[in-house]
2 protein chains.
Amino acid sequence: MEKKLFEQISENISKNSALTKKTSERLINNLIIDKEALDNFVTQLDKIKKNISICEICNYYKINDKCMICEDSQRNQNVICVVANQLDVNNIEKINKYKGLYHVLGAEINLNKRKTPSDIDFQKLISRINKETELILALNATFEGELTTNYIYQLTKNLNINITRIAKGIPLGGSLDYMDETTLESAFKNRKKYEV
Amino acid sequence: MEKKLFEQISENISKNSALTKKTSERLINNLIIDKEALDNFVTQLDKIKKNISICEICNYYKINDKCMICEDSQRNQNVICVVANQLDVNNIEKINKYKGLYHVLGAEINLNKRKTPSDIDFQKLISRINKETELILALNATFEGELTTNYIYQLTKNLNINITRIAKGIPLGGSLDYMDETTLESAFKNRKKYEV
């Protein structure tokens, strides 16, 4: 009976964290053999609980009840970049070039995982749009991302606002001979004048 | 400044759990957007802390101060299977065939990671050996596993005990044309009479 405790815990951790079963098992094993690491881990989770929540406006993180993006008056309040999840914002922030706002959808339309348009709060995004808004669609370059991009475009095309989407092309380090046709086609279509 | 909190937490979690940075970030993101999952996660860690520790004899898990392996009198007390870590025991237990004891080394000799023989408590293993003991060496089939297997063999060969090691060969589902030469050679050398 007792033998099952490890499995119960690893199943529970896997379910609550979206880690794979194998990764959960390794995580738990590490924390069992090192109790100091376990305590430190719990401290980090406590920090998350106490200090980080979700912004009611853009769905990105609020640190100590302050959204670092929405409450930054230096940012261009008229540009909204739409992404699938919060980690995408982290990644875009790393390039340190984009100075507009974000809108995190939280998910993409995915019929296999039963995520239909009604499961995603598109109205929240629409309510942020005014005549001056530019919308940058930066969803994943996957089937689900395309579907969601197209859905938002259909919802917003009559609003008479500027809608763009990030470029598709060859990623840094990409080999042309391994690139799929659609990517290659996009890369040719979106070619730019060579500048030194 | 505050913006760095997420990164601090993810670095700390990664350091204390041996998860990659990317996996830590995904884990934290999941726990931020789902506070219920976060609470459940903390509950699981609390269960680990309260109920699971390391057996002083074999280094496997003790559940509520009881080692499920060492304290099971049904098991053959004369056979000790030596493995690198606790997860290996979990995996061997799943096949439900081996009914001896275990000895978890906790690590393998790894000169790249500065794990020399003096960093591993081989003496603890030696002290468990008596005239009747059979030692089954079940370390990983890697360079480090081979090194450690050989080291244990050198330490124990004069004790006049039975020392075996688990077979090397083609794993289930393995394609012969993708198999490396050493594996193939072992598989031929360890061939068995065909039985229906």
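In this predicted model, 50 residues of chain A are in contact with 50 residues of chain B. About 4,800 Å² of area is buried between chain A and chain B, and carbon and sulfur atoms give 69% of that area. Of the area that chain A buries against chain B, 12% is supplied by A:Asn16, A:Leu45 and A:Ile48, which is more than any other three residues supply.

In soluble globular proteins, nonpolar side chains tend to be buried together. The surroundings of B:Phe41 include residues of both chains, for B:Phe41 touches A:Ile13, A:Ser17, A:Leu27, A:Phe41 and A:Leu45 as well as B:Leu27 and B:Leu31, when residues up to four places away in sequence are not counted.

A:Ser17, one of the residues touched by B:Phe41, lies in helix α1 of chain A, which covers residues 5–17. Because its relative accessibility is 1%, A:Ser17 counts as buried, the cut-off for this class being under 20%. Leaving aside residues up to four places away in sequence, A:Ser17 touches B:Leu27, B:Asn30 and B:Phe41.

The feature "zinc finger region: C4-type" is placed by UniProt at residues 55–70 of chain A, a span that is 0% helix and 31% strand in the model, with its end C-alpha atoms 8 Å apart. The feature "domain: Toprim" is placed by UniProt, again in an unreviewed entry, at residues 78–171 of chain A; over these residues the chain is 31% helix and 20% strand, and the end C-alpha atoms are 29 Å apart.

In chain B, four strands form an open sheet in the order β5-β4-β6-β7, with parallel pairing. The edge strands of this sheet, each of which pairs on one side only, are β5 (100–104) and β7 (162–165) of chain B, and the twist from one strand to the next averages 25°. Strand β6 of chain B, at residues 134–137, is joined to β7(B) by four bridges, the two strands running parallel, and B:Ile136 has B:Thr164 in β7(B) as its bridge partner.

How values were computed:
Residues are numbered from 1 along each chain as its sequence is written. Chains are lettered from A and ligands numbered from 1 in the order in which they are written. This is a predicted model: local features need pLDDT of at least 70, side-chain atom pairs count only at pLDDT 80 or more; totals for chains, interfaces and linings use all residues. Side-chain values use heavy atoms; hydrogens and water are left out. UniProt positions are given in the numbering used here, feature names are shortened, and annotations may be inferred rather than shown by experiment. Contact means heavy atoms within 4.5 Å. Two strands pair if DSSP finds at least two bridges between them. Axes are lines fitted to C-alpha atoms, for helices over the stretch in contact, and angles run from 0 to 180 degrees between N-to-C directions. Buried area is the accessible area (1.4 Å probe) that two parts lose on being put together, summed over both. Buried means under 20% relative accessible area, exposed over 50%, partly exposed in between (1.4 Å probe, protein chains only).
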